Every structure is written in C-alpha cells, then in structure tokens.
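Here are my notes on the model you sent.

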Amino acid sequence: MWEIITTSLPQLLAAGFKYTIPLALISFFFGLIIALVTALIRLSHQRGPFIILKWFVQFYVWLFRSTPLLVQLFIVFFGLPYLRIRGILPHGIKLEPFTAGIITFSLNTGAYASETIRAAISSVDHGQWEAGAAIGMTRLQILWRIIIPQALRVALPPLSNSFISLVKDTSLATSITIMEMFEVSQQIAAANYQPLLMYTLVALIYAVFTTVLSVLQHYLEKRLGSQLEIS
C-alpha cells in the first residue's frame with residue numbers, strides 16, 4: 001500500500017499544481033470580474049436601452065444558477081461544436097478542454113458571486129453615497145473609494161467560500177478530459193486496481209488544499225477587519 005501511495009502521490013500533486021489550482025485561480029479571477037460588472041449593472045438605475053442589458057444579465061444569472069455545473073461543462077465542450085451557422089460558424093465552436101473549463105467555471109462563478117457582491121454593495125448605508133456627493137466626489141469615486149472597501153468586508157467570507165467550493169468543483173473537469181487530480185487518480189486506479197485507496201488519497205489532497213485556503217481566508221478576514229477599524 002505504501003509503495004502505491006509514494007508512487008501515486010507525486011503524480012496527483014503534479015496534476016493539482018499544474019491543472020487543478022490554475023484552473024480554479026484563473027476561473028475565479030475572471031468570475032469576479034464578471035460578477036462585479038453584473039452586480040453593478042443590476043444595481044444601476046439607468047433607464048432606456050440600458051434596461052435591455054439589465055434583463056440580459058438577470059437572465060444570465062438565472063440560467064447559470066438554475067442549471068447543474070456538469071451540464072454547463074457538457075454544453076460548452078461537447079455541445080458548442082454543433083452550433084453551426086452557415087457562413088459564420090460552419091464548423092461550430094471547438095474549444096480546448098482547459099479553455100472550455102475556464103469559460104464554464106468563470107461564468108458559473110460569476111453568476112453566483114454577482115449575487116454576493118450585489119448584496120454586499122446594497123448593505124452599505126445609502127448615507128455613504130450622500131456623504132461622498134456632499135464633498136464633491138463623483139459616483140464612480142464614491143463607489144471605488146467608499147462603497148467597495150466597505151462592501152468587501154461583507155463579501156469576503158462568502159466569496160472565499162465560493163473559491164474553496166470552486167477548487168473542489170474542478171474535479172468535474174475530468175468529464176471533459178482535463179488531466180486534473182481526479183482524472184489522474186482514475187487513471188492510476190484503473191492501472192493498479194486500487195480504487196478505494198486512490199480515491200481516498202485524492203480526497204485527502206483536496207482536504208489539505210481546502211484547509212490551507214480556509215486558514216488563508218481567516219487571516220484575510222482578520223487583516224481586512226483590522227485595516228477598516230484603523231481607517
């Protein structure tokens with residue numbers, strides 16, 4: 001058993017640092033950008049043609065929050081190649097597995113995180129906007145200098161939890177042939193006929209990763225809280 005563990009562990013860790021962690025980090029980065037833009041659009045009071053954009057982002061959030069992540073991965077990777085439009089997309093949209101994973105995880109994360117960010121911004125007292133306007137700040141300056149820093153304190157815990165969940169959700173990427181940790185564990189288990197041992201080992205690695213991230217989350221929350229108290 002120890003021989004299997006010592007030979008398999010380096011392969012699993014290599015897959016984790018080469019695919020699992022980068023996939024989660026890149027997807028979360030783009031997901032936060034999507035989430036922030038989406039939240040700001042939904043909070044905007046603009047009228048006219050802007051309302052169409054507001055409906056579109058509301059539909060996007062509803063769609064990705066209402067459908068399973070695995071189904072979304074299958075649609076992006078296996079389904080888009082069949083989206084053929086004569087003269088525009090004669091061969092559909094064919095994506096590399098890693099690219100398809102990033103797109104899907106980013107859109108999924110963006111949909112969920114947008115609600116977190118929207119709620120965090122809404123939780124800041126409206127008087128903060130009025131105080132900023134009273135000293136001649138523009139709405140954009142008020143948003144970035146006053147509202148966002150306060151909203152970040154509220155949003156950090158749920159956003160951190162979202163990232164930890166995303167790290168675990170990357171195991172679904174094996175369904176679109178990305179060679180992340182779970183896919184490697186399946187291949188090793190098929191070769192050594194020790195599925196219980198391999199799946200337990202990869203579960204422990206995920207547990208270590210998420211524990212480290214949880215400790216980091218706690219540190220960031222304390223650091224942010226102390227900085228806001230000082231300011």
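1. Helices (H or I, at least four residues) and strands (E, at least two) are taken as DSSP runs and numbered from the N terminus. On that basis the elements of the protein run α-α-α-α-α-α-α-α from the N terminus on, which comes to eight helices and zero strands.

2. This is a predicted model, in which local features need pLDDT of at least 70 and side-chain atom pairs count only at pLDDT 80 or more, while totals for chains, interfaces and linings use all residues. Residues are numbered from 1 along each chain as its sequence is written, and side-chain values use heavy atoms, with hydrogens and water left out.

3. The C-alpha trace spans about 70 × 55 × 25 Å along its principal axes. Of the 231 residues, 38% are buried; buried means under 20% relative accessible area, exposed over 50% and partly exposed in between, with a 1.4 Å probe and protein chains only. Taking contact as heavy atoms within 4.5 Å, residues 24 or more positions apart account for 73% of the contacts with a separation of 6 or more.

4. Two packed helices are described by the angle between their axes and the distance between the axes. Here axes are lines fitted to C-alpha atoms, for helices over the stretch in contact, and angles run from 0 to 180 degrees between N-to-C directions. Angles under 35 degrees count as roughly parallel, over 145 as roughly antiparallel, 65 to 115 as roughly perpendicular and the rest as oblique.

5. The axes of H3 (residues 69–79) and H4 (residues 97–123) come within 9 Å and cross at roughly 135°, which makes H3 oblique to H4. Leu69, Gln72, Leu73, Val76 and Phe77 in H3 meet H4 residues including Pro97, Gly101 and Phe105.

6. H4 and H6 pack at about 155° with their axes 8 Å apart, so H4 is roughly antiparallel to H6. This crossing is also right-handed. Phe105, Ala113 and Ile117 are among the H4 residues in the contact, and Ile147, Ala151 and Leu159 are among those from H6. The contact divides into 13 nonpolar, three polar and one charged.

7. A nonpolar core is a set of buried Ala, Val, Leu, Ile, Met, Phe, Trp, Tyr and Cys residues joined through side-chain atoms within 4.5 Å. The largest has 35 residues, and Phe105 and Ile147 have the most contacts inside it. H1 (2–43), H3, H4 and H6 (139–169) each supply at least two residues; H6 gives the most, with twelve. A second, separate core of 14 residues includes Ala15, Ile188, Met198 and Phe209.

8. Pro22 lies in H1 and counts as partly exposed because its relative accessibility is 21%. Leaving aside neighbours within four places in sequence, Pro22 is in contact with Gly16, Phe17 and Phe98.

9. Gln217 sits in H8 (residues 195–230) and counts as buried, at 11% relative accessibility. Beyond its neighbours within four places in sequence, Gln217 is in contact with Pro157, Ser160, Asn161 and Ile164.

Methods. Left-handed = near helix turned anticlockwise from the far one by under 90°. Nonpolar A, V, L, I, M, F, W, Y, C, P; charged D, E, K, R; others polar.
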